[in-house]
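Trainee: I would like to go through the terms used for this model and ask what each one rests on.

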Amino acid sequence: MKKYFSSRLFVAVMPLCVALTPYNKVLAQSKTEDAKMNAYVKGLMSKMTLDEKIGQLNLVTIGAATTGSVVNKGVEENIKKGSIGGVFGVWGTAQTRQIQDIAVKSSRLHIPLIFGLDVIHGHRTIFPIPLGMSATWDMGLIKQSAQIAAKEATGEGLNWVFSPMVDIARDPRWGRISEGSGEDPWYGSQVAKAMVQGYQGTSMKDADAVMACVKHFALYGGAEAGREYNTVDMSRIKMYQDYLPPYKAAVDAGAGSFMSSFNTVDGVPATGNQWLLTDLLRKQWGFKGFVVSDYTAVNEMTDHGLGDLQTVSALALKAGLDMDMVGEGFLKTLKNSLTQKKITQQEIDLACQRVLEAKYKLGLFENPYKSMDAGKEAKEELSTANRAAAREITKHSFVLLKNDNQTLPLKKGGSIALVGPLADNHRDMLGTWVIAGEWQKSVSVMEGIKNVVGNNVTINYAKGANITEDSLFIKRLNFGPGMVSLDAKPADELLKDAVEAAKKSDVIVAVVGESQSMSGESSSRSDIDIPESQKNMLKELSKLGKPMVIVLFNGRPLTLTWEDKHANAILDVWAPGTEAGNAIADVLFGDYNPAGKLTATFPRSVGQIPIYYNHKNTGRPYKGGPSKFRSNYLDISNDPLYPFGYGLSYTNFNYSAVSVSKNKLRGNETLTATVTVTNTGKYEGEEVVQLYISDPVASISRSVKELKGYQKINLQPGASKQVSFTITPEQLKFYNSQLKYDWEPGEFVVEIGTSSADTHNASVWWAK
């Protein structure tokens, strides 16, 4: 207690403090803090002019990191005038401090700026792309990666990150599938929660905490034809059941901000959609933070056909958008719209209030320079500890897609032909969306192998092929300088080098796949094969009859039917990040047994897209064999090449039948479902035991099955473990035709297994 509190007052409040439960204490503290914030923000706004209030709604970029064609001009002068609320695209304590100085020393009211950046899968220390991170099935590791990213980001003056992207995606042609957690709404919700908690910590005022910005709200992953920025159109049931849950999970986790998406929702662009930004996000879900547009998304509503810049800016503000990224539509038109009574003062004030509240929650009014610490910057960026954590996390993300005749792990002896355009490559280790990442400091696969096995293995290296020989494709990939280039050697000589290296080696390790710029934003592909130049190399090498291991780099599921048939082993390493080579070598040579599982289905052909495990049955369902008048293809199976939840190990796991605690239940009873998992192989290994539930008879057509839980276990060779799942009616709920979230009595099938396509099941009857 502070000294000026009298002993009488202290005694008076003591019984109340003792009586409060921990929850009530937190609630009381929260209400007190909210009251302080409200009083502070209200007092500040009472001093602000209309122009200064509109200025807080203006987010600009200085140009270091852009995703469009616009870079804001006159930034310094606008900061002095109070016409800018936040800045992104700049980092480093020297730079951010210099800009913050302008705001707090040269503007009339000294309101600090918020500094944002695309910190997607790491800041300086880069982790696997989010799709790869999701393959860990380990929320602890995912949260840890966000914590490290936040610590590095705050070391460079940042306090706001445009992450996590929680869009559900079922079309691998869409480049931004790399930035999310795959196709499942329940699993995506777990990742969303872990990432928000990792970034924001217990308080956003903490020195190592940043504000998360959840994107893209909403449904962006449902873009038609897998084409970036394209239209999205779906039923409300599909929205609520399959696409909206991860956003809701992020709200429940306390996310401080949201970003609107480029697409339409029910025909209205998300950035100006009142049902989406106000009715759903705020009124139904209770979101208390602020909403920022995506890059020039307000301006782009004009191209959607909703009117000129003044019209769409007013529409966006009225819909519930609080901050305009880059386009300056708010800055240039809201004052006129107010004069013309197209918007109200209350609407401007509400948006301004939300932005100022975010700055308060970050502690910027107490210390505008709180995350601008040159000492911390020097200590945290790419530290030894951060790189060690990245190496550990990265190897957990790899998915073993094939391993015939125990080709892997490789022996720490003999010779290998290390071939492929990604084998001795630094730039493409990091993957997409690495604004502050330094590819020169990444570990190549060649370096990683040397670090792990030293001189015990003879490496015969050859590049073998270019990423692609298609000059037009190369031009499109090079949106940044030098991202993809052709080797000085002709293609036939590169191929000859690879064949010669393979002939004098015991085993071939071909490091192939997608380069950094082949996935991510504005990187949709209609053909998701490995590029032809690389596939030609693989075909020539396969003729030699030597064991061939493919180390696959990719930002999306690829069509790998030829590779699956001809390679002896395939290890999917996604885009692994800074410690790529070390982690890959750890797995190739058996220092770590891969345990990753897919969170997005791999199709056999683009003709199957969209393809996902939790589809609905038709009235003429596919039965698994060729048959006329069924919902199937004439030329290929309906089945994917690799299903959701799939991933092999160097060892083998055997599952017993599913046992249930009871076969008939009523109301809020609890069901326990159990399997025994046994490691029947020779290696210690981790296994992700997955729980699915299906509802065969309901008032609407339901998915064939839905993921409802998982457990990750570790078993020594010969060891067994009973794995039990507790099931309540909560896991049986779905959105019915009235959009009511409830469950219906009847039969339920409980499935437990190693993937969505390999389970054991038991049926129960559950009455209400």
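This is a predicted model: local features need pLDDT of at least 70, side-chain atom pairs count only at pLDDT 80 or more; totals for chains, interfaces and linings use all residues.

Trainee: What makes β9 and β10 the edge strands of their sheet?

Mentor: The sheet is open and has 8 strands in the order β9-β6-β5-β4-β3-β2-β1-β10, with parallel pairing. β9 (290-292) and β10 (324-325) each have a single partner strand, so one side of each lacks a neighbour in the sheet.

Trainee: How do you know that β3 pairs with β2 and with β4?

Mentor: Pairing requires at least two bridges between the strands. Strand β2 (residues 86-88) and β3 share 3 bridges in the parallel sense, and Phe88 stands opposite Gly116 in β3. Between β3 and strand β4 (residues 160-161) there are 2 bridges, also parallel, and here Gly116 stands opposite Trp160.

Trainee: What joins β4 to β5?

Mentor: 2 bridges join β4 to strand β5 (residues 211-217), and the two run parallel. Trp160 has Met211 in β5 as its bridge partner.

Trainee: Why is β3 called covered on both faces?

Mentor: Buried means under 20% relative accessible area. In β3 (residues 114-117), Ile114 and Gly116 on one side are buried, and so are Phe115 and Leu117 on the other. Each face therefore consists of residues under that cut-off.

Trainee: Which elements make the right-handed β-α-β unit?

Mentor: β2, helix α5 (residues 93-106) and β3 make the unit. The hand is called right because, with the strands pointing away from the viewer, the path from the first strand over the helix to the second runs clockwise.

Trainee: Why is α18 called oblique to α23?

Mentor: Helix α18 (residues 445-453) and helix α23 (residues 580-588) pack at about 55 degrees, with axes 7 Å apart. Under 35 degrees would be roughly parallel, and roughly perpendicular begins at 65, so this angle makes α18 oblique to α23. Their crossing is right-handed. Residues of α18 that meet α23 include Val445, Gly448 and Ile449; among those they meet in α23 are Gly581, Asn582 and Ile584.

Conventions
Residues are numbered from 1 along each chain as its sequence is written. Side-chain values use heavy atoms; hydrogens and water are left out. Buried means under 20% relative accessible area, exposed over 50%, partly exposed in between (1.4 Å probe, protein chains only). Helices (H or I, at least four residues) and strands (E, at least two) are DSSP runs, numbered from the N terminus. Axes are lines fitted to C-alpha atoms, for helices over the stretch in contact, and angles run from 0 to 180 degrees between N-to-C directions. Angles under 35 degrees count as roughly parallel, over 145 as roughly antiparallel, 65 to 115 as roughly perpendicular and the rest as oblique. A crossing is left-handed if the near helix is turned anticlockwise from the far one by less than a right angle, and right-handed if clockwise. Contact means heavy atoms within 4.5 Å.
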